[in-house]
Amino acid sequence: MKRAVWAAAALWLALLPCGGAAETFTDALGRRVEVPDPPQRAVALEGSLADAFLLCGGTLVGTTQDAISERKLALGEDVAAVGTVNNPSLELTFAQEPDFILLSADNASHVSLAKTLETLGVPFAYFTANTREDYMATVETLCRVNGREELIDAQRQAVEAPVDELLSRVRQDERYGRRTALLLRAYSSGVRAKGSDNLAGAVLRDMGLVNIAEREGTVLEAITLEQIVADDPDYIFITTMGSSYEKAMEALAEELTGHPAWGTLTAVKEGRVYELPRDLFHYKPNARWAEAYALIEEWVYAK
């Protein structure tokens, strides 16, 4: 397989265009990246990056399976699948003769590819979008890489403007910053409490909810039902992760929701337990950040 990757890389180097204005930027891992020309054959190794690149006027020749199976992007038959988001194939990637590769700074398997890609000489960059600020920084970079700076303002109007207006409104509410919440992520193997260092947690923090799992700068992921009952959060939010939603919910029931003490929680008794939709709070919402914030406003401030 390594021989095939090197052969494909050699072909890519021979076909790489010369000249043109270079766009230089610092990526999410602090690497200085130079893209010589607006890419014409980009490969995105994550569905959310594929979506963002297209929103920024880019052209793709390859991306991972999640772009179709999870994000439902209409990519066309000429866009190749190059593996999964957690196991992208360099052989398939280089078979597309890419002139730019986009990777996630939050994915360990992507980060591990850096040395190999540097050796092969392909222009590549890491991005993150766990907050709307991160997303807008990514958008501004990608629009400039694609020579489509005019699209930056469209994204600002779709993402920044409505969220800023919403936050300005809820921050005037006397309940802002005074209520508690618990964010749970269920896997097939168990349940963990999550803090504000992820997409859903960052939105809840912005919306003025105090996360009971965050104490003195640390996150108590292995939270127990006894601790939850003692803190009795005003709101409970649940996300699921993994290929089997059913198994994740079974694990949640086994560890927490199936126990009699769960029913004693105020949030449970008063109907303030919410399952967060995956398309807004697990997959990166990209241009739909305002929808994520609006849903929390509806649940937390409209009642």
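**Close-up views of a cavity and a helix pair**

**View A. Lining of the largest cavity.** In this predicted model, 13 residues line the largest cavity, and Glu46, Ser48, Leu49, Thr128 and Ala129 lie nearest its centre. A cavity is a set of points on a 1 Å grid over the protein atoms alone where a 1.4 Å probe fits but cannot get out, and lining residues have an atom within 4 Å of a point. One cavity of 30 Å³ or more is counted, and the volume of the largest cavity is about 80 Å³. The lining comprises five nonpolar, five polar and three charged residues.

**View B. Helices at the cavity.** Helix 2 (47-55) and helix 7 (132-145) each contribute at least two lining residues. Helix 2 provides the largest share, three residues. Helices are DSSP runs (H or I, at least four residues), numbered from the N terminus.

**View C. Packing of helix 7 with helix 8.** The axes of helix 7 and helix 8 (residues 150-170) come within 9 Å and cross at roughly 170°, so the two helices are roughly antiparallel (angles over 145 degrees). Their crossing is left-handed. Contact (heavy atoms within 4.5 Å) involves residues of helix 7 including Arg132, Tyr135 and Met136, and residues of helix 8 including Leu151, Ile152 and Gln155. The contact residues divide into nine nonpolar, one polar and six charged.

**Notes.** Residues are numbered from 1 along each chain as its sequence is written, and side-chain values use heavy atoms, with hydrogens and water left out. Local features need pLDDT of at least 70 and side-chain atom pairs count only at pLDDT 80 or more, whereas totals for chains, interfaces and linings use all residues.

Key
1 Å grid on protein atoms, 1.4 Å probe; cavity = no way out; pocket = protein on both sides within 12 Å on 5 of 7 lines; lining within 4 Å. Points joined across faces, edges and corners; volume = space filled by probe spheres on them. Nonpolar A, V, L, I, M, F, W, Y, C, P; charged D, E, K, R; others polar. Axes fitted to C-alpha atoms, helices over the stretch in contact; angles between N-to-C directions. Parallel < 35°, antiparallel > 145°, perpendicular 65-115°, else oblique. Left-handed = near helix turned anticlockwise from the far one by under 90°.
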